[in-house]
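Hello,

Here is the structure I promised to pass on. Please open it first, then read my notes below.

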Protein chains: 2
Amino acid sequence: MAAAPVWSVDPRTGNPREQVAEEATAEEVDRVVRAAHAVRGSLADRTVRAAFLRTAADLLTEAAEHVIEAADAETALGPARLTGELARTAAQLRAFAEVVEEGAYLDIHIDHEDGSRTPPWPDLRRYKIPLGVVAVYAASNFPLAFSVPGGDTASALAAGCPVVVKAHPDHPATSELCASVLRRAAAHHGLPEDVVSLVHGFDAGVALVKHPLVSAAGFTGSVRGGRALFDAAAARPTPIPFHGELGSLNPVVVTEAAAAERGEQIGAGLAGSMTMGAGQFCTKPGFVLVPAGGTGDQLIKSLTDVVSDSRSAVMLDQRMRDAFVAGVRERAELADVTAPVTPGAGGEHTVSPGFLTVPARRLTEEGPHDALLEECFGPVTVVARYESEEEITAVLSRLPGNLTATLQTAGEETDESAARLLAALTPLAGRVLVNGWSTGVAVAPAQHHGGPYPATTSTSTSVGATAIERWLRPVTYQTTPDALLPPELRESNPLGLPRRVDGHRE
Amino acid sequence: MAAAPVWSVDPRTGNPREQVAEEATAEEVDRVVRAAHAVRGSLADRTVRAAFLRTAADLLTEAAEHVIEAADAETALGPARLTGELARTAAQLRAFAEVVEEGAYLDIHIDHEDGSRTPPWPDLRRYKIPLGVVAVYAASNFPLAFSVPGGDTASALAAGCPVVVKAHPDHPATSELCASVLRRAAAHHGLPEDVVSLVHGFDAGVALVKHPLVSAAGFTGSVRGGRALFDAAAARPTPIPFHGELGSLNPVVVTEAAAAERGEQIGAGLAGSMTMGAGQFCTKPGFVLVPAGGTGDQLIKSLTDVVSDSRSAVMLDQRMRDAFVAGVRERAELADVTAPVTPGAGGEHTVSPGFLTVPARRLTEEGPHDALLEECFGPVTVVARYESEEEITAVLSRLPGNLTATLQTAGEETDESAARLLAALTPLAGRVLVNGWSTGVAVAPAQHHGGPYPATTSTSTSVGATAIERWLRPVTYQTTPDALLPPELRESNPLGLPRRVDGHRE
């Protein structure tokens, strides 16, 4: 059987641009994973890994023009957004270089022998070691930051794990360019290029997660695709960690006081956040609780004005566009749902942003309106108008897990009601915002980009310094002579690493 | 249908002692989980949790005589061992009280707003919050330390999670006693007793892991039982973390030099470790690579002498005894396998310790001898005699994941061969020992009791301070007014917690 061709497609026209590669067969996946596994030892040196990550950032920046051109042609995300995304991606690679150099991620604990304990302690020394080959499933909506050179790859390489990326079919040319950048960066430091590989094709992705030499997987994408791969990872003879970011509604609660004080500003902010990148953010605010009646009307008017002025947009691919059009149509037909700005088809290849409103009481019990509590990927949000705080909490209690949850309060409002609402939002999400918008995700140590299922299939983050923890496992050495210990655990701390010794930080 | 009775059985005679309880129906499991979920907020206060854990330790110690009597009658582990286990269990509860009070486990990160970053950072503050109700599946072989009042329960309560324990059927009376101790300790501090509950019965255990309000599970037991529950946890509509410790061979490598220098001592140490607790330790050294020929013979002789002198022992239940007898018989019948001390049936209810030897070359390729690479629960170990270092590494490369791996070297031997062997053992286990025995597991911050599958179904530990991490998830607050933040994250650090602020530890 001839290998299936992989085409780069222009989403603005639906026309194929060029054949980029061929889908990997099961044999090719096996070969690539074995090659990655064989060179895993080459990533043992932290200094080399950090330098490799920095060179990757440099080479990506050097290749920016070419990469952004390819990415725009394949994704229609536009040069401005992609320029920002490339800068973010380069900064992310450099941030993980710093994480590797600092070494706090090794979580070194040393307990000296202590016969006074129950039972007595022998000399114990723990740090974290890489898991092995990591499979990365790239996302459609961030062709750089959550794709080949993105956070999963950067954090896995930082941990010392070779990476095999399953390219997203929406940007195969960009993926090839970026993989080549990463492999050149590796070679620049004398590392085997096989520390980063790329495969294309749905079947290749399934074969990858099932491969016995793959030790963990990272995924960003849909609930359906992510859950299928999660299930495959769990069903292996030897199950592996599967860190998937699958989907999120990202609820927002606007208090009465906030709507009264700055309804217009909140409406405009919401419009900007939900239409950003054609609504193709996993952190898009997709569900907003707004007071019913006069207090909320100013917000709705402002939202209406700004969304009406938003241009129709090209989505990442035709299938997503069609799913969006079908999804908003289905939701708009529900009883008591209105569309102050009707979302739906724009031209043949575009969509029009819009939003729906519904009385919150329609959502307090199971029923057909539950479709409004499911993510609809694209430039739409659902505004539920509430009559009371009880209605807010009743609806919130019915939401699935989320990446983010947001509270819009009045100025410095810190009254009991705001505190209660924040307490109701916290169980729903991995990141809780007050008076902000969820779409931006800073690459910072205190970041957490993850949340209760289906937002994430684990308790981990895919953004920020602690994303590295996903690709490591602890190992403790007991009563091991200093000369046999890894340098990280030797008594004299020759590498000058942060450690916790007998309960005290050094 | 009448509820199934739960009997306490005397393993020394096989006779029932008393009816202790009834198996929980699905409705009862649902009621218990809902009750636990309803009171989860009562565990929010760290000071109260720490006091609760200390009182639990005190009350367990006060009840020692009664608890040990029941445990011995049900498990035949003997008062000496159980006295030590109770002391360890109490110390473990107190250790988690310290972990809670210190607060490092909250892993607090604060990044102040920084517009110079790419993209800019808003104010971000992260800590960890409890996951919710935790299901604990108690082990047979540690009726205290890995059962109702054991490490899973202590760490989950420390994290702020209510616990529902599925009792092990081998010690239901001990389980009831211990649950009552924990519930009294809760009440002593004004906590609802429902923060700890106990259910009996196989079906109850299955219903528990599937309950929508159960957020995570901890398990210690067999590969078969643990994998079935792991699969059920992964197959839920909302999958949950399942931290299972399933099984381990715990390989030991004795170098030529070590065998030459102190073969007698190693043989005696091995005999003590493998027969301890009738070989019913998850850390029992079950597979030992010993040099062939004269160098290893002294070790074998010493092992033979000490094991021959070991008394026959009662196992935890008749099913385990029968499985041991069948398991050692099957292994002893393999070609080239000899039994210098034949393990097997003792009396009607007892087993005789023993060990098997086999040439290591029989194990370098797949075949019937692979049975020797599977854990056999009970007082037996397999000694594989190797001809070369190549044979050692060939056999090691075929081993499944383990809790521990041990290297026996000569004195201060730190030559290249020892370093190579340690490097070959590290990928196999979560704890690597040099010149020690794996059976003891210290409850220390630097401990790691876990390892590659099937040793553990996750990368976590079930012993030591970091066991608490299993029951937590991070949450980040973004641009949240100080008055609305949880006290742990407020700017002034009112609780005096260890934190990492803008990259610096406080």
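**Where the two chains meet**

Chain A and chain B bury about 5400 Å² between them, and 59% of that area lies on carbon and sulfur atoms. Keep in mind that this is a predicted model. The size of an interface is often given as the accessible area lost when the parts come together. In contacts, 73 residues of chain A touch 73 residues of chain B.

Polar links also cross between the chains. Chain A and chain B have 42 residue pairs in polar contact. Two salt bridges are counted between chain A and chain B. One of the two joins the side chains of A:E102 and B:R500, at 2.7 Å from N to O.

Which elements of chain A give two or more residues to the side that touches chain B? They are helix 4 (79–102), strand 3 (108–111), strand 4 (124–130), helix 8 (223–235), helix 13 (416–425), strand 19 (429–434) and strand 20 (472–478) of chain A. Strand 20 of chain A gives the most, with seven residues. By residue type, this side of chain A divides into 41 nonpolar, 16 polar and 16 charged.

**Strands that pair across the chains**

Look at strand 20 of chain A again. Strand 20 of chain A runs parallel to strand 19 of chain B, and three bridges join them. Within this pairing, A:T476 stands opposite B:R431. Strands of a sheet pair through backbone hydrogen bonds, either parallel or antiparallel.

**A histidine to look up**

Next, find B:H448. B:H448 sits in the loop between strand 19 (429–434) and strand 20 (472–478) of chain B. Is B:H448 buried or exposed? Its relative accessibility is 2%, so B:H448 counts as buried, the cut-off being under 20%.

**A three-stranded sheet in chain A**

Last, turn to an open sheet in chain A. This sheet has three strands in the order 12-15-14, with antiparallel pairing. Strand 12 (313–314) and strand 14 (344–345) of chain A stand at the edges, each with a single partner strand, so one side of each has no neighbour in the sheet. Strand 12 of chain A pairs with strand 15 (residues 350–352) of chain A in the antiparallel sense, over two bridges. There, A:V314 stands opposite A:T350.

Best wishes

Key. Residues are numbered from 1 along each chain as its sequence is written. Chains are lettered from A and ligands numbered from 1 in the order in which they are written. This is a predicted model: local features need pLDDT of at least 70, side-chain atom pairs count only at pLDDT 80 or more; totals for chains, interfaces and linings use all residues. Side-chain values use heavy atoms; hydrogens and water are left out. Two strands pair if DSSP finds at least two bridges between them. Helices (H or I, at least four residues) and strands (E, at least two) are DSSP runs, numbered from the N terminus. Buried means under 20% relative accessible area, exposed over 50%, partly exposed in between (1.4 Å probe, protein chains only). Contact means heavy atoms within 4.5 Å. Buried area is the accessible area (1.4 Å probe) that two parts lose on being put together, summed over both. A salt bridge is a side-chain nitrogen of Lys or Arg within 4 Å of a carboxyl oxygen of Asp or Glu. A polar contact is a pair of N or O atoms within 3.5 Å; within protein, one must be able to donate a hydrogen and the other to accept it, and residues adjacent in sequence count only if both atoms are side-chain atoms. Ala, Val, Leu, Ile, Met, Phe, Trp, Tyr, Cys and Pro count as nonpolar, Asp, Glu, Lys and Arg as charged, and the others, Gly among them, as polar.
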